[in-house]
Amino acid sequence: MDKNTEYHSLIKKQYRELMEHCRIQLDKTERELPPAREDFYSSLKERGISRRDFLKWTSFMTAALMLPPIFRPMVAKAAENFSRIPVVWLQFAECTGCSEAFLRSSYPNVDDILLETISLEYHETLMAASGIQAEQNLEKAVHDFAGKFICVIEGSLPRGLNGKYLTLGSKGKTGIEVAKEVTSKAAAVICMGSCSSFGNIPSAKPNPTDSVGIGKALGITTVNIAGCPPNAVNFTGTILHYIMFGGLPPLDSLGRPVWAYGKRVHDFCERRPHYDAAEFVEEWGDEGAKKGWCLYKMGCRGPYAYSNCSKVRFNDGISWPVMAGHGCIGCTEPGFWDTMASLEKPIHEASIGGGERTVDDIGIALTALTTAGVAAHAAFSAMRHSGKKKAGTSSDADHKE
Amino acid sequence: MAKRIIVDPITRIEGHLRIEVEVDSSNVIRDAWSSITLWRGIETILKGRDPRDAGLIVQRFCGVCTFVHYEASILACEDAFGVKPPPNARIIRNLVNASLFLTDHIMHFYHLHGLDWVDIVSALSADPKKAVELAKSYCSEPYNCSETHYKAVQQRLTKFVKSGRLGPFANAYWGNPSYKLPPEANLVIVSHYLDALAVSKIGAQMMAIFGGKNPHPQNLVVGGVTSVMDALDAERLGQYLFRLKEMKKIIENAYLPDVLMAAAYYKGEGSAGTGAGVKNYLSYGGFPLDDDWNNLLFPRGVVEGRNIARPLKLDEDKITEEATHSWYKGSEPQHPYKGTTEPEYTGYDKDGHVKGDEKYSWCKAPRYNGKPYEVGPLARFVVGYAQGDKAIKGLVDSALKQTGLPVTALFSTLGRTAARALETKLVADRTEGWVNELVANIKKGDTRTWTRCDVPSKPVQGRGLTEPPRGALGHWIRIENKVISNYQAVVPSTWNCSPRDKAGQRGPYEESLIGIKLAKVDQPLEIIRTIHSFDPCMACAVHIIDPKSNEIRKYRVC
């Protein structure tokens, strides 16, 4: 193939510019952010992770972030600076499952260290101080790192009762008040999990506390690491991206990073060949189940859910729900408890309707929706990077099949 | 002059908890109120849904006690459907539950509770050589123990302190006179604090082997389990056993000896019964060893008034919940099958304190036979001990012998923490046997993992009672027209975090704080130490069924 086409030089130019941007950004990080508490490379060494393992990891992460291999050194450098980003982790109407997922992440090995050395300035499940002392820590972190810290949020915000279904701290502030105070000072807001992203369980019908995701409750743009709970690797990747480019990664119409949520669970499922061969599990524990056939007829929502679960799996890649013989429940999609119910029935018998052909029909419809969203968000991100802040986002838009 | 102290947020727990206490002039706690400050209304959400979806939904009560609500809900449905899962399913559920006990208890001791006993800053001044000697006096092969390693831990901590950014360790109670461990003991436990972070990942993997992921596994269905491929795969079982071995290592060579070491220095608290609380203990029984739930690893039963000489049988009809002091309408005690409540939020008083004489928590007040009961590892061990359970009695007696404490020392904050460590060993020791049982059953040719069943078309009701890490858990379900018509969960932290009832009886958290003296009135160390010993889990504790859900938004805020 001719390498001197106009197209190629355009691509080359674009990546050169992107790399330059990344270099400037990384220099800025090193200059402006507080120094790391621990040296990254000695942490790797302590944990017995060789240089070779680390390089392998950077290749994986570079590819996962949809960047060409020449970006590997940048990813390495971002990893080195990972623990310099101050993180304030807030918990609202939640179950702490997302924190647990984050603490127990071990895929791949390096993420593990990144998450252990992360600068958590505030996290109620982990911090030693309680009461007044805890509240002081939050005030101090928000003050000291104003405009520099990343605010990670777990849990949705109840709006009912004027927000008083959730009160926090000795002054009995509502969750919404605390969220507003903290996010207004944050460099970026990352929603960890489907509750903070879209409302999830508390907002399932009839939504007794009028709970919604953070973006919708506060009218701000958030990155939505969807999932119940999400895979921690999607969180690490997003932070790395932030360090490298000083901005949020490209998002789909629902605010989810495209690199992690751009494909359907179904697309990379290990049981996909059985779907294509029409080999289905017909009831739990039958011969098909023993052979690992497709779970579509048992209610699997993999064809309707956008996520990389089937690729990265969970807990050091040891398994994921479909591997454990249970269908996907579509937990990365807004309103999934309502739109995907009943979870043990195939979707044509449940709420969406239309027979097996719908798998592809709905997939195509969703893909179109997502693609449109990507373009919109790219433009939106560019605006944001150039310093203009805009309130309101479509990330909480109702999910329509 | 009495002084009111508010501790909110209580950190290192799941969820949102506020504790208020009143101390007298000599800083002794004279009264206490515990209040949950979040309501999500998940039971309201369940109404009208397919009962088979309930398990996955209620699992989201809590991501720390992941799996347990899933299981309780499935058990309740199985009771209602009248279906019995095959032996393989029972065993696989035990294996997943075991992985949770091992992971959760270790994490609780080191990451959630440890810093109430251990002073990190003091560990910096320890002599690593003496620390090795100390560790070896409690265990022949202490976990990850060497002078070099301890030195490295100290260096790592020093760097942390010098950076001036203590992160999660900032602004805590270091140096408080209530910390009693010598620097060397602090160093040993802090070093295991770091080790345990890595180990908890291994425990989570154990759960994921059969559960698909952790937290929030996805392998249970009414009538059985879905992970049949994993059960039939010898390599999978090997992966589980390999990780079990790793977990046992840290339990036997770090967790147990560390708890015994701490007990030696906090002995005074044990013999004084500090943090004892209510005198009643309840266990629903857990880890079925046969398919009819007759033979259980944790016995089912009740001990009233600390009378271990007279263990009582559990009578499910005596379980009630009431809301006199909770932010819900109504006050009469009701059995969970009939539990119906509506939110009635009344907020705090003009000084921002809880209205202790009125309503003050999103938590309801469960009672057994009209009395407040403690649930959890201590309750299981008190019930087991009273019933003369050999394994439990053996573990308790040997720990008492080692520490030189009387059996009454069980009734204390220290006793609660020690019971949790002992039962971790109890579960860990039995788990391998369950893997073998599974293999033996499959070898016999029984590969069933599911019993065929469907949602009954006539109205039915059922309950699932079990013992997850934090204590007695019950789910009650009613099904009409093939959908859920009523759902009620009475969970461990509801029992323990309960506010006062109609008769004014305090709940277990509240009662346990009475009489505790604070070394420094502006540092709530003793309060959180005792509260943490219950392993609070607030997300679990709050959820009710609301009959007229659309009216909720109309309630006025006071």
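The legends below describe several views of chain B in a predicted model. Local features need pLDDT of at least 70, side-chain atom pairs count only at pLDDT 80 or more, and totals for chains, interfaces and linings use all residues. Residues are numbered from 1 along each chain as its sequence is written, and chains are lettered from A in the order in which they are written.

**View 1. The fold of chain B.** Chain B has 18 helices and 14 strands (DSSP runs numbered from the N terminus: helices are H or I with at least four residues, strands are E with at least two). Its radius of gyration, taken over C-alpha atoms, is 23 Å, close to the 24 Å that the globule rule gives for 558 residues, so chain B is as compact as a globular protein of that length. The rule is 2.2 Å times the number of residues to the power 0.38.

**View 2. Burial in chain B.** Of the 558 residues, 61% count as buried, that is, 20 or more other C-beta atoms lie within 10 Å of the residue's own, with C-beta atoms placed from the backbone.

**View 3. The open sheet of chain B.** Three strands lie in the order β1-β2-β3 with antiparallel pairing (two strands pair if DSSP finds at least two bridges between them). β1 (3-7) and β3 (29-36) are at the edges with a single partner strand each, so one side of each is left without a neighbour in the sheet.

**View 4. The pairing of β2 and β3 in chain B.** Strand β2 (residues 17-23) pairs with β3 in the antiparallel sense over seven bridges. B:Val21 stands opposite B:Ala32 in β3.

Definitions and conventions. Buried ≥ 20, exposed ≤ 12 C-beta atoms within 10 Å, placed from the backbone.
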